[in-house]
Amino acid sequence: MRIVVLLGAPGAGKGTHAPDLATAFGLIHLSTGDLLRAEVRAGTPLGSDVAGIMGRGELVPDRIVIELLLGRLGRPDAAAGAILDGFPRTAAQAAALDGALAERGSAVEVALLIDVSPDEMVRRLTGRWICEAGGHVYNVAAGLGPRVAGRCDVDGSPLVQRADDREETVRARLAGTLPALEEVIEHYRTQGRLRTVDGLRAAPEVGAALADALRSAVGGDA
Ligand code: AMP
């Protein structure tokens, strides 16, 4: 079983690149954020436990995420392996993953870090503006801004920011998650499994650099 961990702060582009890498390397893409959102949508007891935590942008307790992720990894379609996106997010999650893989005679093969500075993360995460009337979405940071600043191209109504996209909220969210991410990065650096890719370049270049790093780490031919 080949397990690749994709690391990066919120806004670094993990969700953009993970599906492409998974397809190129014949792995499945597992995002704990997606797994948790599916539980919330389905209205399961677990989903109702975590909905509030997720809404506030806080981390779901390790025990819950570890059980969910390991359960999913045990399903037949994950037998060849997976790209993990958004997991592990804490040192305890990284240790639990190591333990579970060791029981199967396996280990994390490589941890790829998409490196983006905190200021750039704030710029990306606060770039989203939504039109009040029709919900049309713009992202100034991604070069997808409106033609006239502050006005919707479609219906001319004012653009507003969601509360959790405002700079002070985004900075608070990052301050809450970055220390744990640092521990996870250190975990894989100590094991000699960390590969870092500069995430400040255009998305296609970052994608190509990730694929190169993965290819050289696993010695594959994808
Ligand atoms: P994401 O889609 O990766 O941004 O995750 C969305 C939300 O799900 C996060 O803000 C957390 O509340 C929760 N979450 C996802 N993955 C984890 C994890 N590995 N540990 C704790 N909480 C998580």
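This is a predicted model: local features need pLDDT of at least 70, side-chain atom pairs count only at pLDDT 80 or more; totals for chains, interfaces and linings use all residues.

Colleague: Which strands stand at the edges of the five-stranded sheet?

Modeller: The sheet is open, its strands pair in parallel, and their order is E2-E3-E1-E4-E8. Neighbouring strands are turned by 25 degrees against each other on average, direction ignored. Two strands have a single partner each, so one side of each lacks a neighbour in the sheet: E2 (28-31) and E8 (194-198).

Colleague: What angle does helix H5 make with the direction of E4?

Modeller: H5 (residues 91-103) packs on the sheet, where H5 touches E1 (2-7), E3 and E4. The angle between the directions of H5 and E4 is about 155 degrees.

Colleague: Where is the place of Pro 88, and is its bond from Phe 87 cis or trans?

Modeller: Pro 88 is in the loop between E3 and H5. Most peptide bonds are trans. From Phe 87 to Pro 88, however, omega is near -5 degrees, and the bond is cis.

Colleague: Is H1 parallel or oblique to H8?

Modeller: The axes of H1 (residues 14-25) and H8 (residues 203-218) come within 10 Å. Leu 21 and Phe 25 are among the H1 residues in the contact, with Leu 210 and Leu 214 among those of H8. The axes cross at roughly 40 degrees, which makes H1 and H8 oblique.

Notes
Residues are numbered from 1 along each chain as its sequence is written. Side-chain values use heavy atoms; hydrogens and water are left out. Two strands pair if DSSP finds at least two bridges between them. Helices (H or I, at least four residues) and strands (E, at least two) are DSSP runs, numbered from the N terminus. Axes are lines fitted to C-alpha atoms, for helices over the stretch in contact, and angles run from 0 to 180 degrees between N-to-C directions. Contact means heavy atoms within 4.5 Å. Angles under 35 degrees count as roughly parallel, over 145 as roughly antiparallel, 65 to 115 as roughly perpendicular and the rest as oblique.
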